[in-house]
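I opened this notebook page to look up aromatic rings and their neighbours. My entries follow the structure.

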Amino acid sequence: MQAHTKEQFQSFLSQLRETNATLDFFCDFDKISQNVKSIEVKLNQLNYLLGKENIKEAIYTLWNENPKVFTVLDILIAVRTKDNKQVINEEGDYQYIKYYFDTIEGVIEFIDKTGLGEVFMSKRITNLVDYVFGVETGLDTNARKNRSGKQMEETVAKMLQAKGVAYRKEVFSREFPQIVEALGSDEKRFDFVIETATKTYLIETNFYSGGGSKLNEVARAYTDIAPKINAVGGFEFLWITDGKGWEKAKNKLEEAFYAIPSIYNLTTLKDFIADLCVK
């Protein structure tokens, strides 16, 4: 297979896109709504504390009614106890946030020291269900990095569909004994597989709007597996990647560009699809 040239790499870099986001990229409101719904009853019970002048007495009253209601206090400070977040307590020791909810004394300390007590008494919040919906919306922005990859897959799928190219998604290497032998015991899942009369293309896709060590790791991994797959008759590894994040890892991308004959971005992918359609 023909290697790429320096000029081709510079052209590839110049084509990288700032974003692949569509309007539905920014917030997953279905997931947000489900997260809120799962704790809505407890949040409504916690609404009892809003506007109370004697917050400590109100906490005791609510504790005697249902102590488990306080297990959702963590989300009010945009934390999830399932993440095992720790803080330094009054004694200077590390303590998991979730342990504050085991006793009424811990609940009182948590509400006081986090500042929630003052917020509750001030009536700045009128409904904790609505408040948590906003918190969950904010937390959901952390998932955008994962959605960027999914968005890339959807974009590629749409481009293939538009030209009538048949494909399969999320295909494991175990389907191809020759590839298992070439790659070893580690199982690999490919984002797309396109099978033609003469060749099977095993395809990975990703999009990086920002930098980070992940880009170097991905470039190294694909540089390693591409020649192994391409050495197997009737198979070819194809990498579709895009995003300005590569500008911060362009050295590794350049190494991969020269090692992987079939590497495309969203601009050049059209050429590959056009070639498929005439075969």
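I take a charge to sit over a ring if NZ of Lys or CZ of Arg is within 6 Å of the ring centre and within 35 degrees of the ring normal. The model is predicted.

Charges over rings. I looked up Lys 52 and found its charged end over the ring of Tyr 48, 4.1 Å from the ring centre. I then looked up Lys 98. Its charged end sits over the ring of Tyr 96, at 5.8 Å from the centre.

Aromatic pairs. I searched the whole structure and got 17 aromatic pairs. One of them joins Tyr 100 and Phe 110, with 6.1 Å centre to centre and 50 degrees between the planes. I logged this pair as tilted. Which parts does the pair tie together? Tyr 100 lies in the loop between β2 (94-96) and α5 (104-113), and Phe 110 lies in helix α5, so the pair links parts that are 10 residues apart in sequence.

Burial. Are Tyr 100 and Phe 110 buried or exposed? Tyr 100 is buried, at 7% relative accessible area. Phe 110 is buried too, at 4%.

Phe 101 and Phe 110 are both buried.

Cluster. Which residues form one aromatic cluster? I listed Tyr 208, Tyr 222, Phe 237, Trp 239 and Trp 246.

Notes. Residues numbered from 1 in each chain as written. Predicted model: local features only at pLDDT ≥ 70, side-chain atom pairs only at ≥ 80, totals over all residues. Heavy atoms only, no water. Phe/Tyr/Trp six-rings, centres within 6.5 Å; stacked < 30°, edge-to-face > 60°. Helix = DSSP H or I, 4+ residues; strand = E, 2+ residues; numbered from the N terminus. Buried < 20%, exposed > 50% of the residue type's maximum accessible area, 1.4 Å probe, protein only.
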